[in-house]
Amino acid sequence: MEKLENKIIKEIELRNLKPRSKAFFKARIFAINFLSVLSIFITSVAMASLFYQVQQSNFKDVLEKTDFSVVYYVFITLPYLWFLIGLIFILLFAHNFRKVKRNYRYTFTSVVSGALLLSLFIGSIIHMSGLSKVTENLAEQNIEIYRQQKQIQTLKTDIFLNKLYEIGVTAEMVENDPELKKEIRRRYLEKVLGREYESDDLDECKVIKLTCSKDQKIFSDNTGCGCGKK
Amino acid sequence: VIEEYRRKTDEEVAEKVAEHPELIAILVQRYEVKLESYIRRISGLSFEDRQDLLQEVFISVYENINSFDPDLRFSSWVYRICHNKTINEWKKNKKKEGDISIDENTKPFVDSLYNENNIEKDIEQNISKEVLSKVLRNIKIEYREVLILKFFDGYSYDEISDIIQKPKNTVGTMVSRARQSFKAEFDKINKK
């Protein structure tokens, strides 16, 4: 029986096989590293846009206007598209990173966590430098699906506002109309704090003499005055 | 050239293979038997299939010799190539998998399995080749592989990690689960 080493040498000669060059492998590692860096960069931009959207969503304001719980509000207004983009690129990074050198020694979870932390860090720098506003505007102007997703987010908030107050308002209307904003806030306080308004005129509140029942207490703030739950 | 390099280490030979293709013969001679046993123990492939696979492994070693990382032991690298090819071949031919064949003395394997293992010594240490082959055949291929690398070929966790490209801790967990699986399968066969 022919020896294996002879068979292999014959095969190499017959097929005129040559070892792939060092440059080929270097180029491959370069391409993988480049993809990894790009993935981290894109995830960081996604994070920066997430920060920007959270900042712009006026969480505190909306939560004051409505009686949504924080968790519920976050759930309906999350910028899912950025989450999806971030997730895809983080996974791509982890996959590529573990292919280079001896990086398979790190667990997939630790690579993903590390990449996430790094993206959060770079993302916050991008956000603080004001670049997140630029990327957000660019995305809104140029990416149709992004525009649609933002519309859906606003729509969701509007639907829930309307459901809650049974009045035809939209998030945009509330934002642009101080009187409506005041009304929404008043309804919210009536509902949550059990307030009964005597007046919403601040000047009148200064002179009005309020009498409340035993289980109530007087309140007076920039929305008006009256009796509320103790 | 071959004679000149015969006494050199694997790593030194590997470094010169691209320049002198005939040096691949030295590496083939050094690893042919080990890799053939490895393929036989984990895959259950026929003799002809094993020979074809072995040839593919060495051709791949030759073609990719410039990607060999000197930080790694050559044996880990060549086993890694063999591992990848064997697993691919096994996946392709899963349905016609033959018997796992253990030709070697089983005692060192069983001894080292128990010495590292805190499973109670309730298994006779002198397991026959047939029983051992049957037990190995019935456990998952990834468990079978780590058991063979650890207890037949005597590789460390670090080396197994380099071969199967998984973190060292994962290898530790796999070995531990593989032992449990081995014991459970052995008990099942024994009861019959």
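## A buried alanine in chain B

Ala14(B) sits in helix α2 of chain B, which spans residues 10–17; helices here are DSSP runs of H or I with at least four residues, strands are runs of E with at least two, and both are numbered from the N terminus. With a relative accessibility of 5%, Ala14(B) counts as buried, where buried means under 20% relative accessible area, exposed over 50% and partly exposed in between, using a 1.4 Å probe and protein chains only. Setting aside neighbours within four places in sequence, Ala14(B) is in contact with Leu27(B), Ile65(B), Phe68(B) and Phe74(B); contact means heavy atoms within 4.5 Å. From Ala14(B) to Ile81(B) the separation is 67 residues in sequence and 14 Å in space, C-alpha to C-alpha.

Before going on, a word on conventions. This is a predicted model, in which local features need pLDDT of at least 70 and side-chain atom pairs count only at pLDDT 80 or more, while totals for chains, interfaces and linings use all residues. Residues are numbered from 1 along each chain as its sequence is written, chains are lettered from A and ligands numbered from 1 in the order in which they are written, and side-chain values use heavy atoms, with hydrogens and water left out.

## The two chains in outline

Chain B has 10 helices and zero strands, so to speak a plain run of α-α-α-α-α-α-α-α-α-α along the sequence. Of its 192 residues, 53% are buried. Take the contacts in chain B between residues at least 6 apart in sequence: 64% of them join residues at least 24 apart.

Chain A brings strands into the picture, with 11 helices and three strands. Starting at the N terminus, its elements run α-α-α-α-α-α-α-α-α-α-β-α-β-β. Buried residues account for 35% of the 230 residues in chain A. Among the chain A contacts with a separation of 6 or more, 56% are between residues 24 or more positions apart.

## Helix α3(B) against α5(B)

Two packed helices are described by the angle between their axes and the distance between the axes. For helix α3 (residues 24–43) and helix α5 (residues 74–92) of chain B, the axes come within 10 Å and cross at roughly 40 degrees. The axes are lines fitted to C-alpha atoms, for helices over the stretch in contact, and the angles run from 0 to 180 degrees between N-to-C directions. α3(B) and α5(B) are therefore oblique to each other, given that angles under 35 degrees count as roughly parallel, over 145 as roughly antiparallel, 65 to 115 as roughly perpendicular and the rest as oblique. The crossing of α3(B) past α5(B) is right-handed: a crossing is right-handed if the near helix is turned clockwise from the far one by less than a right angle, and left-handed if anticlockwise.

On the α3(B) side, the contact is made by Leu27(B), Tyr31(B), Lys34(B), Leu35(B), Tyr38(B), Ile39(B), Ile42(B) and Ser43(B), and α5(B) supplies Phe74(B), Ser75(B), Val78(B), Tyr79(B), Cys82(B), His83(B), Thr86(B) and Trp90(B). By class, this contact has 11 nonpolar, four polar and one charged residues; Ala, Val, Leu, Ile, Met, Phe, Trp, Tyr, Cys and Pro count as nonpolar, Asp, Glu, Lys and Arg as charged, and the others, Gly among them, as polar.

## Helix α3(B) against α8(B)

α3(B) also packs with helix α8 (residues 141–152) of chain B: their axes come within 9 Å and cross at roughly 140 degrees. This crossing is right-handed. Tyr38(B), Arg41(B), Ile42(B) and Ser43(B) of α3(B) meet Ile141(B), Arg144(B), Glu145(B), Ile148(B), Leu149(B) and Phe152(B) of α8(B). The residues of this contact divide into six nonpolar, one polar and three charged.

In helix α7 of chain B (residues 129–138), Leu132(B), Ser133(B), Val135(B) and Leu136(B) are buried. Seen down the axis of α7(B), the buried residues fall within an arc of 165 degrees, so they line one face of the helix; the arc is that of the directions from the helix axis to the C-beta atoms.

Val135(B) is one of the residues touched by Glu185(B), along with Asn138(B) and Ile139(B), not counting residues up to four places away in sequence. Glu185(B) belongs to helix α10 (residues 168–191) of chain B and is buried, with a relative accessible area of 11%.

## Positive phi in chain A

Most residues other than glycine have a negative phi. Asn16(A), although not a glycine, has a positive phi of about 50 degrees. Asn16(A) lies in the loop between α1 (4–14) and α2 (22–56) of chain A and counts as exposed at 55% relative accessibility.

Lys101(A) also has a positive phi, near 45 degrees. Lys101(A) is in the loop between α5 (80–97) and α6 (108–128) of chain A, and is exposed with a relative accessible area of 52%.
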